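Subject: Structure for your files

Hello,

The structure we talked about is below. My notes on it follow.

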Amino acid sequence: MRHLRKVLFNITALIFIIIFCGGLLVATLYNTNSRIQKEANQYEEKTLLGILSPYSFTNSIVEERITIPVNTNAGIEEGSKAYLGKQNQKIIAILLPITAKEGYSGEIKMLVGISSKREILGIKILSHRETAGLGDKIEKDKSDWITRFKGRSIKNTDLNAWDVEKNGGDFDQLTGATITSRSIIIATRKVLNYVEDNYEALFNPD
Amino acid sequence: MSDIKKEAWEYNQVELLLLGFSPILIATNSFSNALVLASATTVTLILSTGLAFFFKKIISPEIKLLSLLIIISFSTTITELLAQAYTFEHSIILESFFPLIATNFLILIKMEKVLKNNNTSLQMLHAAKIGLIGFLILLPLGFIRELVGTGELFSNMDLFWSPAAIESKFTAPQFFNPLIIITLPSGAFIFCGLLLAIYNLIRSKIHKS
């Protein structure tokens with residue numbers, strides 16, 4: 001009997017601890033939630049506008065998103081959502097989430113910003129597993145290599161020029177990371193091709 | 001103050017320096033990261049010790065470990081939420097390292113001491129002191145690793161204040177070639193070893209005199 005009472009007491013004590021700590025957690029969540037949401041939105045918007053600078057939009061780019069159909073060739077995965085930048089109800093820029101499969105070690109996920117003039121506005125690397133010190137120079141805060149795509153389009157760069165300089169292309173490779181550089185260059189070209197093919201659906205829907 | 005010196009330099013050094021903070025050593029590759037992590041650890045430490053003190057009466061020996069772990073995980077989550085609310089970009093950079101604070105056994109030891117000891121307020125003070133010692137260990141590590149590993153100092157510090165208010169970033173002159181290995185996890189252990197060597201050097205000098 002004494003034993004049973006002790007067990008019951010322990011169970012009650014544990015439940016009490018959990019309820020009390022849980023209450024504390026809920027209170028914190030309740031008080032910080034709106035702030036976290038605001039900061040997260042601000043952060044996302046800041047990163048997105050950073051890719052698309054110097055363009056500015058009349059809509060909130062974080063809120064306007066559309067789901068685009070899968071396209072394995074262009075590296076668009078299932079359920080990925082594109083961001084739309086509008087000015088006076090007209091889409092002037094689009095941000096496409098792309099997965100480049102031919103990285104040196106695994107997939108490279110990136111966001112490619114393309115203007116309605118079919119030019120690259122900017123690229124942001126979202127995640128990658130490239131070698132630190134060599135392949136990770138694709139990140140914008142490690143080197144400015146990724147900015148070299150700005151203003152490029154199918155029109156001003158030939159099909160053969162979409163390659164590293166070593167192979168007779170237009171883009172210099174990152175030292176020691178030719179495969180990484182090349183996979184991004186080719187992924188970017190494929191996205192531009194995709195936009196060319198689906199221009200009406202992307203920029204003039206309805 | 002002499003107490004802090006005693007705890008930091010004269011005993012508990014292996015426990016504190018090498019093991020206690022090892023889960024978060026990896027992420028201290030810049031000064032601002034070290035600052036955020038040290039503050040997060042301190043907040044978790046004080047919060048969980050406080051809660052352990054609060055529940056002292058109902059925690060019997062049979063459920064001690066279980067209840068302490070529950071308390072730690074809740075306080076770690078609360079700390080993570082606070083970090084997200086007040087330094088959002090750091091919480092993105094440090095993403096998976098906040099939950100790792102829960103594995104810091106220093107907190108567990110401190111809570112056990114609170115349960116055992118009758119002089120609880122003294123133990124609470126000790127908990128705060130351990131947090132302070134965490135600052136003393138992590139900040140120099142972050143400082144050196146950032147300087148040697150990236151050739152910069154105080155990057156991302158502007159995320160604490162408004163960017164325009166302070167231009168804090170310092171960049172080393174061009175001829176300085178950063179050692180990338182230092183920013184990788186192995187760099188933490190290299191400098192941790194060096195820190196320990198310096199500590200031993202100072203201690204042996206103190207012992208001689």
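A:Arg148 is partly exposed at 33% relative accessibility, and A:Asp172 is likewise partly exposed, at 26%. (Buried means under 20% relative accessible area, exposed over 50%, and partly exposed in between, with a 1.4 Å probe and protein chains only.) The two form a salt bridge whose closest N and O atoms are 2.4 Å apart; a salt bridge here is a side-chain nitrogen of Lys or Arg within 4 Å of a carboxyl oxygen of Asp or Glu. The pair links distant parts of the chain, 24 residues apart, with both residues in the loop between E5 and H2 of chain A. Helices (H or I, at least four residues) and strands (E, at least two) are DSSP runs numbered from the N terminus. A:Asp144 joins A:Arg148 and A:Asp172 in a network of salt bridges.

Please note that this is a predicted model, in which local features need pLDDT of at least 70 and side-chain atom pairs count only at pLDDT 80 or more, while totals for chains, interfaces and linings use all residues. Residues are numbered from 1 along each chain as its sequence is written, chains are lettered from A and ligands numbered from 1 in the order in which they are written, and side-chain values use heavy atoms, with hydrogens and water left out.

Other salt bridges

The count over all chains is ten salt bridges. A:Arg35 pairs with A:Glu39, the closest N and O atoms being 3.9 Å apart. Both lie in helix H1 of chain A, four residues apart, about one turn of the helix. A:Arg35 is partly exposed, with a relative accessible area of 33%.

The interface of chains A and B

Two salt bridges are counted between chain B and chain A. In one, A:Lys46 meets B:Glu89 with the closest N and O atoms 2.9 Å apart. B:Glu62 forms a salt bridge with A:Lys6 at 3.2 Å between the closest N and O atoms. This pair crosses from the loop between H4 and H5 of chain B to helix H1 (residues 2–52) of chain A. A:Lys6 is partly exposed, with a relative accessible area of 41%.

The contact (heavy atoms within 4.5 Å) takes 25 residues from chain B and 24 residues from chain A. About 2300 Å² is buried between the chains, 83% of it on carbon and sulfur atoms; buried area is the accessible area (1.4 Å probe) that two parts lose on being put together, summed over both.

Strands of chain A

Strand E4 (residues 106–115) of chain A has seven of its ten residues buried, so it is largely enclosed by the rest of the structure. Strand E3 (residues 90–103) runs antiparallel to E4(A), joined by nine bridges; two strands pair if DSSP finds at least two bridges between them. A:Thr99 has A:Lys109 as its bridge partner, and a hairpin of two residues connects E3(A) to E4(A). On to strand E5 (residues 120–127): E4(A) pairs with E5 in the antiparallel sense over six bridges, and A:Ile114 is bridged to A:Ile120. Four residues lie between the strands in that hairpin, where A:Arg118 takes a positive phi near 65°.

What does A:Ser183 touch, not counting residues up to four places away in sequence? A:Ala100, A:Glu102, A:Gly103 and A:Ile108. A:Ser183 lies in helix H2 (residues 178–197) of chain A and is buried, with a relative accessible area of 4%.

Regards
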